[in-house]
Amino acid sequence: MTNEPQHEQENKQQASNEKRGADVAHPFNEEAWNRETYEAWVQRFGTPAEAAERIARQPLKSLSVLGEAIGSPEGKRIMNLMGSNGSKAVALSLLGASVTVVDFSPGNQQYASELAEAAGVKLNYLISDVLRLDTQEFAGTFDVVFAEMGILHYFTDLAPFMKLAQTLLAPGGRFVLRDFHPVSTKLISSRGTTAKIRKHKVDGDYFDTSLEEQEASFSKYTEGESPKVLLRKWNLGEIVTAVAQNGLRIVSLKEEANLSSESFDRGIPKTFTLISIKN
Ligand SMILES: C[S@@+](CC[C@H](N)C(=O)[O-])C[C@H]1O[C@@H](n2cnc3c(N)ncnc32)[C@H](O)[C@@H]1O
């Protein structure tokens with residue numbers, strides 16, 4: 001026990017959180033995601049009005065696997081960490097949830113806000129590094145926290161991110177983490193788009209811990225020089241352990257085949273969905 005007044009302990013905690021945030025979320029990545037994202041989403045999904053119309057036609061379908069993992073969104077308070085262009089958040093809002101997104105890209109926020117407006121729903125979109133989020137206002141207030149598809153490789157330590165999800169959840173709340181499967185991102189490299197020419201090679205190192213420079217995922221929809229990001233690719237054991245060690249009880253880990261591919265490579269895990277609960 002310490003004799004320090006509580007506010008001083010809290011200040012120290014805040015300072016230490018900020019330091020951890022700075023250490024484990026690389027500033028290089030923030031700079032990349034602050035460039036040209038709005039235009040990239042217009043290229044990929046059309047204007048926010050066009051995209052909103054598509055989502056509104058089939059909001060549940062546009063959630064894909066997340067729909068089942070999250071459960072009925074009606075009346076739920078949901079936090080989408082690193083929620084990007086807001087398409088999942090808007091679908092959930094259309095299904096009756098009250099949704100907050102945190103992401104550090106203003107271009108993403110602009111697209112998401114226009115998307116929500118066009119869909120006729122309210123969206124609370126906070127621009128912040130997730131690891132620097134002031135959690136005082138939000139701690140213990142969400143029924144569901146989720147993050148999906150291209151998330152964990154942005155962190156050089158997983159513990160602060162898992163702890164954040166745990167902090168934001170109300171007791172009994174559910175954390176849904178869906179991301180690319182490490183067998184596909186670390187171990188196997190694949191070439192060719194049709195069954196005839198598709199080739200898979202086991203040439204990666206599943207236990208590699210180094211940082212890898214890659215083009216940002218949105219860069220295929222932009223012109224000119226591609227923005228780069230630095231990624232740490234985690235293996236499945238590291239991911240499950242980080243969740244379990246940060247106050248979350250694991251309920252299920254589902255490994256998924258490539259849902260959009262033909263049957264020829266359906267034996268290779270492409271994504272996973274990990275569900276855990278705050279007790
Ligand atoms: C690949 S996207 C996530 C996938 C998203 N669900 C989608 O399909 O577009 C990664 C997102 O994380 C955001 N991001 C990366 N690191 C972040 C951090 N430390 N804090 C907040 N947002 C971050 C980026 O701005 C980007 O929107």
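Colleague: What length does helix 8 have, in residues and in Å?
Modeller: This is a predicted model, and in it helix 8 runs over residues 106-119, which is 14 residues. From its first C-alpha to its last, helix 8 reaches 20 Å, close to the 20 Å expected at 1.5 Å a residue.

Colleague: Which residues of helix 8 are buried?
Modeller: The buried ones are Gly107, Asn108, Tyr111, Ala112, Leu115, Ala116 and Ala119. They cover an arc of only 165° around the axis, so they sit on the same side of helix 8.

Colleague: And what comes just after helix 8?
Modeller: Glycine 120, with a positive phi of about 75°.

Colleague: Which residues are buried in helix 4?
Modeller: Helix 4 covers residues 48-57, and its buried residues are Pro48, Ala51, Ala52 and Ile55. Seen down the axis, these fall within an arc of 100°, so they line one face of helix 4.

Colleague: Which residues are exposed on the other side of helix 4?
Modeller: Glu53 and Arg57 are exposed there.

Colleague: What do the buried residues of helix 4 pack against?
Modeller: They pack against helix 3 (37-45), helix 5 (59-62), helix 7 (87-94) and helix 8.

Colleague: Back to phi. Which residues other than glycine have a positive value?
Modeller: Serine 84 is one of them, with phi near 55°. Methionine 149 also has a positive phi, near 60°.

Colleague: Where are serine 84 and methionine 149?
Modeller: Both are in loops. Serine 84 is in the loop between strand 1 (77-81) and helix 7, while methionine 149 is in the loop between strand 4 and helix 9 (159-168).

Colleague: Buried or exposed, for serine 84?
Modeller: Serine 84 counts as buried because its relative accessibility is 17%, and the cut-off for buried is under 20%. Methionine 149, at 30%, counts as partly exposed.

Colleague: New topic. Where is valine 102?
Modeller: Valine 102 lies in strand 2, residues 98-103. Its relative accessible area is 0%, so valine 102 is buried.

Colleague: What does valine 102 touch?
Modeller: Leaving out residues up to four places away in sequence, valine 102 touches Met79, Asn80, Leu81, Met82, Gly83, Leu126, Ser128, Val130 and Leu133. Take valine 130: it is 28 residues from valine 102 along the chain, and their C-alpha atoms are separated by 6.4 Å.

Colleague: What about contacts in the protein as a whole?
Modeller: Among contacts with a separation of 6 or more, 68% are between residues 24 or more positions apart.

Colleague: And where is arginine 132?
Modeller: Arginine 132 is in the loop between strand 3 (124-127) and strand 4 (142-148). With a relative accessible area of 40%, arginine 132 is partly exposed. Its C-alpha atom is separated by 9.8 Å from that of leucine 164, 32 residues apart along the chain.

Colleague: Last topic, cavities. How many of 30 Å³ or more are there?
Modeller: The count comes to 1, and about 110 Å³ of space lies in the largest cavity.

Colleague: Which residues line the largest cavity?
Modeller: Its lining is Ile151, Leu152, His153, Asp179, Phe180, Pro182, Thr185, Lys233, Trp234, Ile239 and Phe272. Strand 5 (169-180) and helix 10 (182-187) are the elements that give two or more residues to that lining. By class, the lining has 7 nonpolar, 2 polar and 2 charged residues.

Definitions and conventions: Residues numbered from 1 in each chain as written. Predicted model: local features only at pLDDT ≥ 70, side-chain atom pairs only at ≥ 80, totals over all residues. Heavy atoms only, no water. Helix = DSSP H or I, 4+ residues; strand = E, 2+ residues; numbered from the N terminus. Expected span 1.5 Å × (residues − 1). Buried < 20%, exposed > 50% of the residue type's maximum accessible area, 1.4 Å probe, protein only. Arc of directions from axis to C-beta. 1 Å grid on protein atoms, 1.4 Å probe; cavity = no way out; pocket = protein on both sides within 12 Å on 5 of 7 lines; lining within 4 Å. Points joined across faces, edges and corners; volume = space filled by probe spheres on them. Nonpolar A, V, L, I, M, F, W, Y, C, P; charged D, E, K, R; others polar. Contact = heavy atoms within 4.5 Å.
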